Amino acid sequence: MLVLFETAAGYAIFKVLDEQKLQQVDSLWKEFETPDKANKIVKLKHFEKFQDTTEALAAATALVEGKLGKSLKKVLKKVVAKDAHEQLAITDAKLGGVIKEKLNLSCVHSPAVAELMRGIRYQMEGLITGLPPREISAMSLGLAHSLSRYKLKFSPDKVDTMIVQAISLLDDLDKELNNYIMRCREWYGWHFPELGKIITDNLAYCKSVRKIGDRTNVVNTDLSEVVPEEVEAEVKLAAEISMGTEVSEEDIHNIMHLCDQVIEISEYRSQLYDYLKNRMMAIAPNLTVMVGELVGARLISHAGSLLNLAKHPASTVQILGAEKALFRALKTRKDTPKYGLIYHASLVGQTTAKNKGKISRTLAAKTALAIRYDALGEDTNAEMGLENRAKLEARLRQLEEKGIRRISGSGKALARADKYQHKSDVKVYDPSGDSTLPSVSKKRKIEEVEEAEEQDQPVEVKAKKVKREVPAEETEEAAEAETETPKKKKKKKVKHVEEPRVEEEEVTVSPVEETTEKEEKKKKKKERKREAEVEEEEPETVVSPTEETTEKKKKKKKKVKVEEGE
């Protein structure tokens, strides 16, 4: 059996002398305790040394990826092909499959082989002759550094680093531009204050200042390339009547130099934005379609890399950037934030305040899928992002139109919304409250109001009730009650007394009788008022129920007599 052993210095091929020892896997390590014992088990057959670090790096990279390198293929053809009948022990099973396929050599990989490789590595200095230990360690260190640089160079995370740095620089440029433009406006405003109100765009303002210089040069300056003709005419008119102070040429020179800086930084910012846009579309096309270049780059920057962002759940993506507000809400036991950096996405921005939470939640769920597809998928198209964005826009339209479907019922019918109808109450001015002086006495007013109410009411033909029989016993009791107590005109609330039932009969009344009834009612009302006045003057006296009943009976008798006389 032959053994293929890879080192930082080159490839070594050993011949196994005692194959029976390999069957005792647990005790195989004892055979490699000393170099002498190790030489009894294996013997070096061939050693192929690497020419330089580049060759060593290419061989190591091929071994890591499970491929058959050129140098290894040459060694195997030269040495192993002679002993084609023997098996070849290797460390990597994947590499063994490639060797068997291309060179038609039988390869072995087992726990015994792994233990044998461990023993050879332990006694490598004694088994491989012609290589000093210092040289082996130096070559190992050089290969490790080269391999690390190669991995870093072709790492997919390196592209994420470019996005992180670009978005950070973009934010810094925005801050610096803002400070520079404010300083420029304030500085030049002492000389020509009217220009700041006429030209509102910052870049156009700086370009105009760069062309004008001193405001006395406005008449001879052509600003048509920077601003429209109407604005140019307004600037020239304002320069003639400007309230600004005079400044020296040195001051104007410094202001113009500041304007140059603003223009250069603005141009560089636009170039950086285009670079970031292209880089985002190349690395994370689905994420860019969902939330835009700037928001997607800020999410990657906040997470550290695209792969780290792909590990976050949708709920974390939703509030990424609002950690301080989240922990403050948890500490004070208040509502947690609904959105973080994702708030600046176009889909969340165009919704109403009521629906922002719902849209940010659905957008975060779809964005999390898009991030994982970009980070871990093999395709680089944006079809999934476009499809999910169309679904989100449909959901947004449904929320905006309030087309929420019923839970009960058919489920397909839309909820009905009643049409709004504006009802306005027109109030009429009441002039009765203008005068505070009473023109008529209160009693007179009450009588007039009552008469008006009676006239307004429709005239109804009422049925009169006439008594047919009056028992003799009741008349005698009434006469006795009259002799006992004097008659007094008084009205007071007394308990109801049971009266004998009287058979009544309906009688039709003529219109002449109705007029007489009205007159009688008026007389009765006046009598009641007089009685009330008398009662206030006289002391209260107790009236027995018998007296009250006799008085009522007498009044009814009088009514009957009057009607008969009429």
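1. How many salt bridges does a search of the whole structure find? The search finds twelve, where a salt bridge is a side-chain nitrogen of Lys or Arg within 4 Å of a carboxyl oxygen of Asp or Glu. The model is a predicted one, in which local features need pLDDT of at least 70 and side-chain atom pairs count only at pLDDT 80 or more, whereas totals for chains, interfaces and linings use all residues. Residues are numbered from 1 along each chain as its sequence is written, and side-chain values use heavy atoms, with hydrogens and water left out.

2. A salt bridge joins the side chains of Glu-135 and Lys-49, at 2.9 Å from N to O. Glu-135 belongs to helix H7 (residues 133–153) and Lys-49 to strand S3 (residues 42–49), so the pair ties together parts that are 86 residues apart in sequence. Helices (H or I, at least four residues) and strands (E, at least two) are DSSP runs, numbered from the N terminus. Glu-135 counts as partly exposed because its relative accessibility is 28%, and Lys-49 is also partly exposed, at 38%; here buried means under 20% relative accessible area, exposed means over 50%, and partly exposed lies in between (1.4 Å probe, protein chains only).

3. Asp-174 and Arg-269 form another salt bridge, with their closest N and O atoms 2.4 Å apart. Because Asp-174 lies in helix H8 (residues 157–189) and Arg-269 in helix H12 (residues 249–283), this pair ties together parts that are 95 residues apart in sequence. Asp-174 is partly exposed, with a relative accessible area of 30%, and Arg-269 counts as partly exposed at 23% relative accessibility.

4. Ile-265, placed in helix H12, is 92 residues from Leu-173 in sequence and 7.4 Å from Leu-173 in space, C-alpha to C-alpha. Ile-265 counts as buried because its relative accessibility is 17%, while Leu-169 is partly exposed, with a relative accessible area of 32%.

5. Arg-210 counts as partly exposed at 34% relative accessibility, and Asp-260 counts as partly exposed at 22%.

6. Which residues of helix H3 (residues 70–78) are buried? They are Ser-71, Leu-72, Val-75 and Leu-76. These four lie on the same side of H3, because they cover an arc of only 130° around the axis, the arc being that of the directions from the helix axis to the C-beta atoms. On the other side of H3, Lys-70, Lys-74 and Lys-77 are exposed. An α-helix has 3.6 residues a turn, so residues three or four places apart point the same way.

7. On the surface, Glu-378, Asp-379, Glu-383 and Glu-387 gather in a patch of negative charge. Patches are made of residues with over 30% relative accessible area and no salt bridge, with like charges joined within 9 Å and nonpolar side chains (Val, Leu, Ile, Met, Phe, Trp, Tyr) joined within 5 Å. Glu-378 is in the loop between helix H19 (356–376) and helix H20 (383–400), and Glu-378 counts as exposed because its relative accessibility is 79%.

8. A patch of positive charge on the surface gathers Lys-338, Lys-354, Lys-358, Arg-361, Arg-395 and Lys-402. Of these residues, Arg-395 lies in helix H20 and counts as partly exposed at 33% relative accessibility.

9. Thr-54, in helix H2 (residues 53–64), is exposed, with a relative accessible area of 58%, and Thr-54 and Leu-147 are 9.9 Å apart in space, C-alpha to C-alpha, while being 93 residues apart in sequence.

Technical notes:
Accessible areas come from the Shrake-Rupley method with a 1.4 Å probe; for residues, only the protein chains shown count as cover. Lys and Arg count as positive and Asp and Glu as negative; His and the chain ends are not counted. The place of a charge is taken as NZ of Lys, CZ of Arg, CG of Asp or CD of Glu.
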